[in-house]
Amino acid sequence: MRRILAQARKELTQIQRDRLALVLALVLPMILLALFGLALSLEVKNLPVVIQDFDQSALSRAYIDSFRASLTFQIVALEPDERPEHALDDGKARAAIIIPRDFGRDIERGREADVQILVDATDANTANVMRGYAVAITQSYLASIRPPASSGGPAIRARTRLWYNPGRSSDLYIGPGVFAVILALFPPLLAALSMSREGEQKTILQVYVSSITAHEYLLGKILAYGVIATAQWALALVCSHFLFGMWFAGDPTPLLIGTVLYLFCNVCFGVMVGAAIPNQAAAIQAVQFGGFLFSFLLSGFLFPISNIPASIRWVTAVVPARYYIVLARDAFVRGGGWTAVWYAPLMLTVLGAFFFFVAWRNMRRMQVDA
Amino acid sequence: MRSFLDAVLSGRILPLFRKELLQLKRNRRLVIMLIIPPTVQIILFGFALNPDVKNLRLGIADYSRGVESRELVSAFDESLSFRIVAYYPSGDALGDAITHGDLDAGLVIPQDFARDRLRNRTADVQVLLDATNSNTAAIAGSYAARIIAALNEQYASARPQQVSAPAPSALAGDAGASAPAPVGTGGPQLRRATIAPHITPLYNPGLETSWFISTGMIGTLLVLMGSLVAAASMVREKETGTIEQLLMTPADATEIIIAKTSPLLVLLSGDIAIALVVCRLVFGVPIRGSLLLLISAGVLCVFAGIGIGTFLATITKSQQQAQLMAFFVNPPIALLSGVATPVEAMPTWMQPLTNLNPVRHFAVISRGVLLKGVGLDVLYPNMLALAAAALLLVAFSVWRFRRQLG
């Protein structure tokens, strides 16, 4: 125990004297947190749309006005001799609405009026959103011009309730995910750098000849970087509270216990990488790939895991961030508590133990060799 | 420009060039690094970043349990957007399932649903959506509204006192022939009027989301790989101290840089080909425009990357430092580019800033060329901006490099 503490103290002193490491530990994570939060969103507003109105009737103009009133679309002018397709090619508009000559007459006579809407589908998701809004706007326009029906409105009316996030703020979705991804990058990065530095500069040989055992040495490192990771966690929590308005929605204990396990897991991953690769530059890349890229892509951070094709979906099971995102979304948004997320801390424990075991075996083997 | 011409004419640049090529040839790790990570990353990004909203897990709490409510449930079941996973005895049980994250949406049908339907009164149903994921919730909400609207239209046309009207369709190309309506003007006719929006998704009729990500990722990879490799090859000379030996030779800084970057440029251009092949074979991205235009844009991207890498090399002493410094530069380049998420979704004040990002312009160009099939007449502003960014970055880093050596 004494030796573990001594090792941890040595690590903390070392990092205190390394300016770049300190910046990496405390400043950069917060910058990235803000950047991710601001840049990653799918909530599109003010998409430029051009309109070609062959009808020029009062009804068609009212129809156009209902598009003008929506937040999603912003009507931009179409040059008199320009074809709407060209405006889409050009990137000047993301959608084009073409109203045929008989639009107003058809409506007045109670017939079906046609409207053509061209949507730029290079971005399929935005195209889908535009399609949804265009249909909704058309329906509400129809409802507004129809005389109030005597038989009492539509047959079925849906009362839609948006739970947990009634304002549909994308911050509440991105926030907990960014929180997890940042913690999957920086704690293991620092731990891996420190481990591989010892290998690169051969100071590890001093460790081999000292009386410290492999697990004491590793636990000392993990303790030191765990302390730093906890500080990062606390800073990130405060930052995301102010940036994304995130705060505990229910029982915080699953998240708090999960956090300890998650940080242990990530630091162990870093130590494992550092022990395996005695080259700092290569270790950085390994953490970037294994820690960051996987947490970013295969954790359900931006899009549901069920959207990942089954052939690579199994990989997500070993990505710790996946479980922490479940915990964070539950704690900050849904508030379901233990019954909803009991399995996440368990999986984090298993993964953390596995990373520690691999690092320990690596260390022991080297020690025997030396 | 003069010094460049001098360098080429003096014949010193060729031996330097050969030295770099030999060095690269022996560095097998670098070659592997240029092939495997880009391939894996495009595939991973294309598959994993998929915002499709399909097969939403729907739970049902049906208090009415009649023919009428079953009709509504089957309307949801028949749509591809929802998949009914379970029935719940009560709304509370359904709510708990949503809280536990077992469901994406819930449908609660009240007890008097059947009665209301029979008396031709508006029957209310509750649609509960887990809005944790705001994007999914928005799309799911519009799907639900569409399903119910279609059902309403069907009921309205079935009412005996009304002339049948075709249901509106939101699907592309689904043009229903309009039923003949009695001649007349004004009021009551309007009730039967419908508008059929024929929505055509251009450029990507199958709404393949991977086409968006993978075409954008090409630029990100070129800039990131370019900066990584350039920084590594410049810093290595510094780290091992061989830079002094290079400076002892009659070659000047410009010549050294040209000789160092041109083999990298060739190698990285290979990445453009790899990326395009992956896009084409794995995701079936079409190539509708001029490949030459796309490749020149790619080369400009590589230049920008080399500029960034050289700059990183001037402010660091070791490979490890250069890589850590890259953490400050690469995330903003990758994120503020409209590659993974649309630029229109960023805060308004941030959107103009993305114009400074070479990756953003490359993304516009690659989507323009590959998906839209447009040419230089449309893309020239982005081409110019990309060229300016590349030139500026390279000039700045060369200037810093020369000053450091001088």
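**Close-up views of a two-chain predicted model**

**View 1. A salt bridge joins A:Arg334 to B:Asp130.** In this pair the closest N and O atoms are 2.8 Å apart. A salt bridge here is a side-chain nitrogen of Lys or Arg within 4 Å of a carboxyl oxygen of Asp or Glu. Across the interface of chain A and chain B, that rule finds three salt bridges. Helix α6 (residues 124-145) of chain A supplies 15 residues, the largest share of the side of chain A that touches chain B; helices are DSSP runs of H or I with at least four residues, numbered from the N terminus.

A note on reading these views: this is a predicted model, where local features need pLDDT of at least 70 and side-chain atom pairs count only at pLDDT 80 or more, while totals for chains, interfaces and linings use all residues. Residues are numbered from 1 along each chain as its sequence is written, chains are lettered from A and ligands numbered from 1 in the order in which they are written, and side-chain values use heavy atoms, with hydrogens and water left out.

**View 2. Chain A and chain B bury about 9900 Å² between them.** Of this buried area (accessible area, 1.4 Å probe, that two parts lose on being put together, summed over both), 64% is on carbon and sulfur atoms. Within chain A, the residues losing the most area to chain B are A:Glu112, A:Thr122 and A:Ile156, together 8% of what that side buries. The contact (heavy atoms within 4.5 Å) takes 110 residues from chain A and 106 residues from chain B.

**View 3. A:Glu11 and A:Lys221 form a salt bridge within chain A.** Their closest N and O atoms are 2.7 Å apart. The pair links distant parts of the chain, with A:Glu11 in helix α1 (residues 2-16) and A:Lys221 in helix α9 (residues 214-244), 210 residues apart.

**View 4. B:Arg117 lies over the face of B:Tyr155.** The distance from the ring centre is 3.8 Å. For such a placement, NZ of Lys or CZ of Arg must be within 6 Å of the ring centre and within 35 degrees of the ring normal. B:Arg403 likewise lies over the face of B:Trp399, at 4.9 Å from the ring centre.

Terms used. Helices (H or I, at least four residues) and strands (E, at least two) are DSSP runs, numbered from the N terminus.
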